[in-house]
Amino acid sequence: MKPTASQLAQFHSDGFLLVPHFFSEREVRAMRLELDRLRRDGFLRNVATDGDGETHSTTKMNLQICPMHDKSTFYRALAFHPKVVAWVRALIGDPVLRHLDQSFLKPARCGAPTNWHQDNAYFQISDPLKGTAMWTAIHDATLANGTMRLIPGSHREKLEHSRDPESDHHIRCYPDESKAVAAELPAGGVAFFCYGAAHATGCNNTDSDRAGVAYHFLNADYATEGLLDNPKNPIPYLTGPQATGGLREYGVKVEGTFEAEATRVLEQASVTA
Ligand SMILES: O=C(O)CCC(=O)C(=O)O
């Protein structure tokens, strides 16, 4: 239910950790079905541009949904999954916040990259090891279909970022890629990477779609000013004295609902199949 001492040491020295069999087959099937539903309902948006950072590409697709918690009670509940909470609190320490939730889907034959960046270029926390992404491969993720690549030790360096000409809103950096490690993971496998770890995904020119679902978790002691004050974007405490299982942030108890949410998603899909 939580990382071993050597996994923790690896997270701290490399800035990331790969866990190939994190979610069960049933859990990841529900994740895929719910992302399919969100795509059918029109919530995924192509953020890929034709090299000017503005003109949306008609040939390259990087389909992003951000945030997810306001469109899916299933994905809202996943952040409260006991195994997720146990791992994240071991990696970054209490009190834990669910900072962000999003997904990037790279359609078959035209999937576009998410270029190199450090999440801390966006989040700007004072210690990049006090926040972590949990990126889940919801399809088998390989170098061929553009899986996540990460640069060990890159969290120790603050890289310069500029606007990414291949995206309508992202920023990017240009690190030395020679030491990059490919997170080749089976569906349900996870890459935990701290806010300082330089990472990127590649093109998907294979015949199957590939998607990653990314949550970001932050130690609340490192929250930047104003982060917790936006009523339109509730950021729930998952652990610590202020945690209410989502009740305070969402008005309903979310903790403990993931199993029922997964069952609902799977049953709904079998009815409509
Ligand atoms: O899945 C992707 O393409 C990119 C994910 C990512 O960069 C992130 O979650 O920080």
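This is a predicted model: local features need pLDDT of at least 70, side-chain atom pairs count only at pLDDT 80 or more; totals for chains, interfaces and linings use all residues.

Biologist: Which strands each supply at least two residues of the shell around the ligand?

Modeller: Let's start with who is there: Phe104, Thr114, Asp119, Ala133, Trp135, His199, Thr201, Gly212 and Ala214 surround the ligand. By type, that shell divides into four nonpolar, four polar and one charged. The strands that each bring at least two of the shell residues are S6 (131-137), S12 (199-201) and S13 (210-219).

Biologist: What is valine 88 in contact with, leaving aside its neighbours within four places in sequence?

Modeller: Val88 belongs to the largest nonpolar core, which has 72 residues. Val88 is among those touching the most other members, along with Phe16, Met134, Ala191, Phe192 and Phe193. Skipping neighbours within four places in sequence, its contacts are Val96, Thr132, Met134 and Phe217.

Biologist: How far apart are the end C-alpha atoms of helix H7?

Modeller: H7 covers residues 258-272, 15 residues in total. At 1.5 Å a residue the helix should span 21 Å, and the distance between its end C-alpha atoms agrees: 21 Å.

Biologist: Which helices are included in what covers the buried residues of H7?

Modeller: The buried ones are Phe258, Glu261, Ala262 and Val265. Seen down the axis, they fall within an arc of 100°, so they line one face of H7. On the other side, Ala260, Thr263, Glu267, Ser270 and Val271 are exposed. The cover over the buried residues includes helices H2 (25-40) and H3 (73-78).

Conventions: Residues are numbered from 1 along each chain as its sequence is written. A residue is near a molecule or strand if its C-beta atom, placed from the backbone, lies within 6 Å of it. Helices (H or I, at least four residues) and strands (E, at least two) are DSSP runs, numbered from the N terminus. Ala, Val, Leu, Ile, Met, Phe, Trp, Tyr, Cys and Pro count as nonpolar, Asp, Glu, Lys and Arg as charged, and the others, Gly among them, as polar. A nonpolar core is a set of buried Ala, Val, Leu, Ile, Met, Phe, Trp, Tyr and Cys residues joined through C-beta atoms within 7 Å. A residue is buried if 20 or more other C-beta atoms lie within 10 Å of its own, exposed if 12 or fewer, and partly exposed in between; C-beta atoms are placed from the backbone. Two residues are in contact if their C-beta atoms, placed from the backbone, lie within 7 Å. The expected span of a helix is 1.5 Å times one less than its number of residues. The arc is that of the directions from the helix axis to the C-beta atoms.
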